[in-house]
Amino acid sequence: MPRSPRPPRAPRTPEQASERNARRWNDRQRARLPLFMDAGLEGDLIRTGVLRDRPADHQVRLSDDLRTRRAALDAVAAVHGEQFRRAMKRHCPEAYPDALRQLRRLRALAPSVRRAVSTSDHWLGALRRTLPREAFLSVVDEIWPEHAQSLRQAADIRGRIQRSMERGQINPWSHVD
């Protein structure tokens with residue numbers, strides 16, 4: 001007589017999964033130190049910080065924190081993306097329609113590109129490709145000064161490495177007179 005297939009298990013809620021994962025993690029931590037556990041030294045290990053219990057809501061709290069940080073990054077990227085788009089339209093009106101078409105084509109092919117971070121990256125890249133370096137840095141300075149500073153620092157480091165290699169220095173990180 002054929003057995004009827006077992007109905008699929010209901011998926012775990014995030015709270016259930018978090019509690020299960022925390023319990024499994026805590027059990028694995030205790031299994032690493034069986035001699036201490038058998039000797040009743042669990043309290044000493046917890047006090048000294050060798051053994052840490054993961055709370056049951058650990059995974060849920062991490063997910064909430066990640067969701068909050070990602071939303072904040074998306075909000076900042078949306079503002080930067082709009083500013084980069086306007087700068088592109090103002091500084092490169094002849095290249096703007098092509099960049100807009102390219103963004104629309106990318107969004108049609110890959111839905112993940114619809115995120116604000118991807119849009120901001122697209123307009124930043126379009127600006128970098130169309131503007132001369134100094135004009136690009138001045139535009140980015142207005143919109144996102146921290147990023148412009150990091151670009152300048154990276155260019156400075158690359159220049160120092162290049163100059164030391166031209167002097168015949170094998171390892172650019174160790175200074176030789």
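Tutor: Buried means under 20% relative accessible area, exposed means over 50%, and partly exposed is in between (1.4 Å probe, protein chains only). This is a predicted model: local features need pLDDT of at least 70, side-chain atom pairs count only at pLDDT 80 or more, and totals for chains, interfaces and linings use all residues. Residues are numbered from 1 along each chain as its sequence is written, and side-chain values use heavy atoms, with hydrogens and water left out.

Student: OK. Is Arg23 buried, exposed or partly exposed?

Tutor: Arg23 is partly exposed, because its relative accessible area is 44%. Its side chain meets that of Glu19 in a salt bridge, 3.7 Å from N to O. A salt bridge here is a side-chain nitrogen of Lys or Arg within 4 Å of a carboxyl oxygen of Asp or Glu.

Student: Where do Arg23 and Glu19 lie?

Tutor: Both are in helix α1, 4 residues apart, about one turn of the helix. Helices are DSSP runs (H or I, at least four residues), numbered from the N terminus. Glu19 is partly exposed too, at 42%.

Student: How many salt bridges are there by this rule?

Tutor: The count comes to 12. One of them pairs Arg85 with Glu82, with the closest N and O atoms 2.7 Å apart. Glu82 and Arg85 are 3 residues apart in helix α4, so about one helical turn separates them. Salt bridges that share partners join Glu82, Arg85 and Arg86 into one network.

Student: Switching to packing. At what angle do α4 and α7 pack?

Tutor: About 140°, with the axes 10 Å apart. The axes are lines fitted to C-alpha atoms over the stretch in contact, and angles run from 0 to 180 degrees between N-to-C directions. Helix α4 covers residues 58-91, and helix α7 covers 133-143.

Student: Which residues of α4 and α7 meet?

Tutor: From α4, they include Phe84 and Ala87; from α7, Val139 and Ile143 are among them. Contact means heavy atoms within 4.5 Å.

Student: Last one. What does Leu103 touch?

Tutor: Leaving out residues up to four places away in sequence, Leu103 touches Val113, Thr119, His122 and Trp123. Leu103 sits in helix α5 (residues 96-109). Leu103 and Val113 are 10 residues apart in sequence and 8.5 Å apart in space, C-alpha to C-alpha.

Student: Why does Leu103 count as buried?

Tutor: Because its relative accessible area is 3%. Thr119, in helix α6 (residues 116-130), is buried as well, at 12%.

Technical notes: Helices (H or I, at least four residues) and strands (E, at least two) are DSSP runs, numbered from the N terminus.
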